[in-house]
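This report covers a surface feature first and then the chain as a whole.

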Amino acid sequence: MADASAPPDSHRGPADAAEVRPTGPLPAVAWRPVGAAVLVLGVLLTVTSTQYGYHRDELYFRMLEPAWGYVDQPPLTPWLARTFADLFGDTLLVMRVPATLAHLAAVVVIALVARELGGRAGAQALAAWGYGTAAIPVAFGHTLLTSSLDLLMWPAVLLCVIRAVQRDPRWWLVAGLVTGVALYNKLLVVALLGAILLGLVVAWPWRTLRGSAAPDRWPLATPWPWAGAVVALLVGLPNLVFQATNGWPQLAMGAALGENNAVDVRSEMWLFQLLTLGPPLALVWLVGLVWLWRRRPLLRFLVVAYPVLLAFTYLAGSQTYYATGLLSVLFAAGCVPVVDWAGTTWRRTVVVTVAVNAVICLVISLPLVPVAALGSTPVPDINSAAQDAVGWPEYVRQVADVHAALPAEDRDRTVVLTQNYGEAGAVDRYGPGLGLPAVYSGHNQLWEYGPPPASSTVALVLTEAPGAWDQRFEECAVRGRLDNGMDVDNEEQGVSILECRSPVGGWAVLWPELRHLD
């Protein structure tokens, strides 16, 4: 992937010397290899987008009413899901389009980061193809999740910050603009800003700059970062107002996730760092860490920011992927020295390594294994998104069978009550075509939409704990169990379908008990 015919990079110093500030023009954008990666990945993601089925989060997004925010998230990703469905049709193919576009845009951003750090065509190609075919980026590009947009916006913020520190401080304003938009997806971007801030405080290269003729000022001593912060605040203000006036629900949600997930997150996050892009490419981003510290003193703050985000991930205990956006930028940084060192001699080795890593990652992250064989492979255990995309139509059909077996006089006063938003979203998506009544759930935002009407005295309850409902209704009986028929052991497999009658004290008494955040 190295461009052996290209002239030496005029703005990169000797191999054994640290470069204080890049001089001269940036390398040309390698549109051919980067564009080829975008084209191939776009086709691949589109062709596979309708295999398996909806992810539970996608089914949930369909149900959320347009709002400035929800108890478990800001509005951007649900808004995209509903807007695309309204404009282009309520289909799985359309649902996946925003995730695909976000992934393709992120591929370009990662290549541009490599360019910003002096990478010529070979480094940009390695960045685009390596990142674009890596495990977690592909998984988030296939399925529309809030993290799908994070993997675009976090590297975009970092690209702007890198350019602001190295070349033009006005890019802090663009970084603020992107941050403001990112706040509508998750408030977690504030953790990235905190890590950058701490990195600039701890790792600014005062000693290196003291002997340099470069007129470098500490960025935080200039007005530009603070002006960028004002831009971010202004752009994100409506979302922040919603959070403040509703008791900061995202903080409550984060605490709930930490309570439920902390043990698993704290044990799995370390291995996750190596598996995010695939083990071979982990060597590249580790090289990027060292190279940035030794050869790009102005960017040492990125090296400090990474363990800061790891510490945040550990303490929060909510999800394992919080450092992925920064890790991707470290990978782009590592592509520059790796391609230079590889030269012409090792170019084939680099290409083969990326190709082998891509094949493994794509099999894990995309629905390439036939669904009938999925349960007999390790893929569902590795990629939980694959589990969550199997069985929804079958589950709803089984609920519909129980509903059809009810006495005719009971069907008009029956509702479906689910334990989580995935089940509720599946019933909402497939239930009307099967004659199912309205669905309700106490999970996250769906609880806020209120209980069933008082006249609905029969409930088909989906639950993992059937015994817990005996005290909530005057009578309950198990009428079936969910089975996807594929031997895929997801969260719904084996869940009981209860027929419950007469909520004790009525829905007004029962509904507060059913609320849960996770």
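In this predicted model, a nonpolar patch on the surface is formed by Leu197, Leu198, Val201, Val202 and Trp226, which together have about 460 Å² of accessible area. Patch members have over 30% relative accessible area and no salt bridge, with like charges joined within 9 Å and nonpolar side chains (Val, Leu, Ile, Met, Phe, Trp, Tyr) within 5 Å; a salt bridge is a side-chain nitrogen of Lys or Arg within 4 Å of a carboxyl oxygen of Asp or Glu. Areas are Shrake-Rupley values with a 1.4 Å probe, and for residues only the protein chains shown count as cover.

Helix H9 (residues 189-203) supplies the largest share of the nonpolar patch, four residues. Val202 lies in helix H9 and counts as exposed because its relative accessibility is 57% (exposed is over 50%, buried under 20%, partly exposed in between).

The protein chain has 24 helices and five strands, which are DSSP runs numbered from the N terminus (helices H or I, at least four residues; strands E, at least two). Its radius of gyration is 25 Å, close to the 24 Å from the globule rule for 518 residues, so the protein chain is as compact as a globular protein of that length. The radius is taken over C-alpha atoms, and the rule is 2.2 Å times the number of residues to the power 0.38.

| Property of the protein chain | Value |
|---|---|
| Span of the C-alpha trace along its principal axes | about 85 × 50 × 40 Å |
| Buried residues | 56% of the 518 residues |

Residues are numbered from 1 along each chain as its sequence is written. Local features need pLDDT of at least 70 and side-chain atom pairs count only at pLDDT 80 or more, while totals for chains, interfaces and linings use all residues, and side-chain values use heavy atoms, without hydrogens and water.

Note on methods: Buried < 20%, exposed > 50% of the residue type's maximum accessible area, 1.4 Å probe, protein only.
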